[in-house]
Amino acid sequence: MSRTLRIAVDAMGGDQAPEMVIRGADVALERDPDLAFILVGDEALIRPLLAKTRRLKKSDPEIVHTDKSVGAAEKPSVALRTGRGSSMRLAIDLVGSQKADCVVSAGNTGALMAMSKFVFRTVPGIDRPAIAGFFPTLRGESAMLDLGANIDCNATNLVQFAIMGQIFARTVLGLERPIVGLLNVGSEEQKGHESVREAATMLRGITDMPFEFHGFVEGDDIPSGTVDVIVTDGFSGNIALKTAEGTARLIGQFLRDAFRSSILSKIGYLLARAAVGQLRQRMDPRRYNGAVFLGLNGIAVKSHGGTDALGFANAIGVAADMARHGFIETVRRELSAVGFDKPSDERKVVATA
């Protein structure tokens, strides 16, 4: 029997909080009964919503009251300085004090990263944390990082992202030996920035870890599923993410317009309704909700702010998987295996490059 995981939830984060958050926790509890929630937010708003749930109210979750929250447009530096009593910060502090195993929030991304980094600090051997998320592909799902935390990255940062990314894929996607690729403007060895080429050389020198380095991948390799983990800097990663989200919305709108264009098209929709439903389910962004801050000494998962209860439940599921499978401990162990826990001039991965 699995041990009970304690999930700290920022109940006030998100466009439809706290209702969406409470309903999402209820859905997550239906999927995974071995969860215990600590709801952080305005108790006067949380209690009536809790009473309407089926499972969550029976689990008698702890409520940590605060009437303060971080605004969606608030600058991370301001939130870090003034948000000590906010629902987001208190939820993070519960993990920092080991009263919870992980934290989930649909609030301000920059503020969540800044606060999490301040409270948790980085894992020894990680210079910068990265944001990782999921992409649907022709082969299933792939993980990608960084999605926006670090605009400029050197070769060492990219190698660290690769190591964390393949552990993430093993933990959440259940892959035994993930295939890792570096996003580039071509597959040839001479293509791309010097940092990307140097990172490729370093990754080819790692031969005793449970992942395979594919080499360079291009943008069209992301949806085709050429690799399981795509590694890039936050600038390119965020553009790729927003492009994919926009393309999914565009395809959805094109389909709606096409099926509404004539009587025959409407009849065609009735005949193809099951297939369209499968497509809609495959492209549903709620299935891939839950971006993770990798490289910290604590598990923090960022849900999309505009998601619904089902999407938030999926973000909770990602956090639970990482906590249950000892993600941080694995990161520490595998960074040590390649010497990233040592000074830069003693690191094994540099020596073998």
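**Salt bridges, a strand and the core**

Modeller: In this predicted model, the side chains of R139 and D228 meet in a salt bridge, at 3.0 Å from N to O.

Biologist: Where do R139 and D228 sit in the chain?

Modeller: The pair links distant parts of the chain, 89 residues apart, with R139 in the loop between β5 (130-137) and β6 (140-145) and D228 in the loop between α8 (221-224) and β9 (229-231).

Biologist: And is R139 buried or exposed?

Modeller: R139 counts as exposed because its relative accessibility is 52%, whereas D228, at 9%, counts as buried.

Biologist: What does E334 pair with?

Modeller: E334 forms a salt bridge with R170, where the closest N and O atoms are 2.8 Å apart; here E334 lies in helix α12 (residues 327-337) and R170 in helix α6, 164 residues apart.

Biologist: Which strands does β4 join?

Modeller: Strand β1 (residues 5-10) runs parallel to β4 and is joined to it by three bridges, with V103 as the bridge partner of A8; strand β11 (residues 299-302) is also parallel to β4, through four bridges, and there V104 has V301 as its bridge partner.

Biologist: How many residues are in the largest nonpolar core?

Modeller: That core has 73 residues, and L35 and F168 are among those with the most contacts inside it, while helix α6 (residues 155-172) gives the most to this core, with eleven residues.

Notes:
Residues numbered from 1 in each chain as written. Predicted model: local features only at pLDDT ≥ 70, side-chain atom pairs only at ≥ 80, totals over all residues. Heavy atoms only, no water. Pairing = 2+ DSSP bridges. Helix = DSSP H or I, 4+ residues; strand = E, 2+ residues; numbered from the N terminus. Core = buried A, V, L, I, M, F, W, Y, C linked by side-chain atoms within 4.5 Å. Buried < 20%, exposed > 50% of the residue type's maximum accessible area, 1.4 Å probe, protein only. Salt bridge = Lys/Arg side-chain N within 4 Å of Asp/Glu carboxyl O.
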